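Visitor: Please show me the model, and then let us discuss it by question and answer.

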Amino acid sequence: MPSAPAMPNATAYATRREIFGWAMFDFANQAYTLLIITVVFGELFTTVIVGDRNDGYRLANFLWSLALAISYLMVVISAPLCGAIMDYRAEKKRFLLFSYMATVATTAMLYFVEPGYVVLGLLLIVLSNYAYSMGESFIAAFLPELGPPDALGKISGFGWALGYIGGLVAAGFTLVVLGEATAENYERIRWVGPFAAGFFLVAAIPTFLWLKERGVPKPHGVSYRHIAQQRLWGTFQELRYFKDLSIFLVSLLFSMAGVYIIIAFAFIYGAQVIGWDESVRNIMFIIVQITAAAGAIGFGFLQDKLGAKHTYQMTLALWVAAIVAIWATPALTAWLNQQWGWQWQAQHVFLIVGCLAGLSLGSSQSASRALVGVFSPLEKSAEFFGFWGLANKLAGVLGIVMLGVLQTLIGLQASILLCVGLFITAMLICVGVNERRGREAAVAWKSA
């Protein structure tokens, strides 16, 4: 095994200010995830910018999934390469800044997308989501440096929870000031892009003020291309020492495919299948953010007590229950009304389902990020989180493309059951992960 360079001691906690600064990036970027991908712009793109009720929005849904898949494929290609360079040159913070500024600029430009401007909308979603997704990997690479392995669950959970709070703040402004995602309200709601960009721009400032770059740069006489090729080849040769991380990344590929489907289509599903009112949609904003924050915090503490693997498996089981409930909402509503003489609407039952989905969302994302942190040597954290980004976004490509094609054939409601198979497959693969062995492999590499 190759010798590892000396690194600063990261077995103790970073300062509270630095951890808070790191977590503020989650707070800031949630405005993009929630307002652009999950809720407002996704619905606006499919129902207004493309919009074709005659085919049940199937073409619009497919184009939306295509834009996301292309951006995720770009991450698959570039994330490990950038991770290798960041570790070698100790430039995690610099790369994070580039991705942050690119996200802000391209998101603000969504203002110029009008009904019928399909190509421009697709291009800006591809660029903005690519920049955002790269930043997601870059900020995660700092996690192993913020505390000992047994504390990473709490730290990761705190970041995700703060992110959902940020989403709640951003959503609250959107609901009160910008209004509905409709053609009639387009002149106001088109400001969602500039608002999400401005929110991200301002809220992430503490990250760049307080987060430290701990790595030690190597000599700069080597090109970025050579660094990336050399280090990645070395990592592939060393993967036999990180068997458990490799197995987990395969499990993550399937689980995150399901998660990305829900992130991209949950509110589109609410509009097209459930047929919710604007008021119910707004309540769902709040419910998902609160329950996701609770899931991230609660399962973060649980992870540090029960272990990352078992906690991750619990979150997958929770997801299976949530997806079945999402699919069954219309039928379940009809059955309840028939059995008990109620007059409930499907949109009201869907709010209850939203609590389960939110809890699943926050807990699974936090647990998976922390588990990669536990298995990553500090000297290769950016590179390993580059592979985490690769698995995440490859999952996004596969999941969203599969659902995009499937829903054109059988409709969106039936297609959502694809996620059940994905989460069950992830659970079965994760059985082969030995958390203790994975921890020992990371420590052995550092001390070699």
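Visitor: How many aromatic pairs does the count come to?

Guide: Rings of Phe, Tyr and Trp (its six-membered ring) pair if their centres lie within 6.5 Å; planes under 30 degrees apart count as stacked, over 60 as edge-to-face and the rest as tilted. This is a predicted model, in which local features need pLDDT of at least 70 and side-chain atom pairs count only at pLDDT 80 or more, while totals for chains, interfaces and linings use all residues. Residues are numbered from 1 along each chain as its sequence is written, and side-chain values use heavy atoms, with hydrogens and water left out. By the ring rule, the number of aromatic pairs is 23.

Visitor: Which class of aromatic pair do Tyr 100 and Phe 200 form?

Guide: The two rings lie 5.3 Å apart, centre to centre, with 80 degrees between their planes. Planes over 60 degrees apart fall in one class, so the pair of Tyr 100 and Phe 200 is edge-to-face.

Visitor: Which helices hold Tyr 100 and Phe 200?

Guide: Helices (H or I, at least four residues) and strands (E, at least two) are DSSP runs, numbered from the N terminus. The pair links distant parts of the chain, 100 residues apart. Tyr 100 lies in helix 4 (residues 92–108), and Phe 200 in helix 8 (residues 192–203).

Visitor: Which residues do ring pairs link into a cluster with Tyr 100 and Phe 200?

Guide: Tyr 100 and Phe 200 are both buried (under 20% relative accessible area; exposed is over 50%, partly exposed in between; 1.4 Å probe, protein chains only). Ring pairs join these two to Phe 25 and Phe 208.

Visitor: The charged end of which residue sits over the ring of Tyr 111?

Guide: A charge sits over a ring if NZ of Lys or CZ of Arg is within 6 Å of the ring centre and within 35 degrees of the ring normal. Lys 92 meets this over Phe 142, 5.3 Å from the ring centre. Over Tyr 111, at 4.3 Å from the ring centre, the residue is Arg 190.

Visitor: Why does Thr 311 count as buried?

Guide: Thr 311 is found in helix 13 (residues 308–340). A polar atom of its side chain lies 2.8 Å from the backbone oxygen of Gly 307. Thr 311 counts as buried because its relative accessibility is 0%.

Methods:
A polar contact is a pair of N or O atoms within 3.5 Å; within protein, one must be able to donate a hydrogen and the other to accept it, and residues adjacent in sequence count only if both atoms are side-chain atoms.
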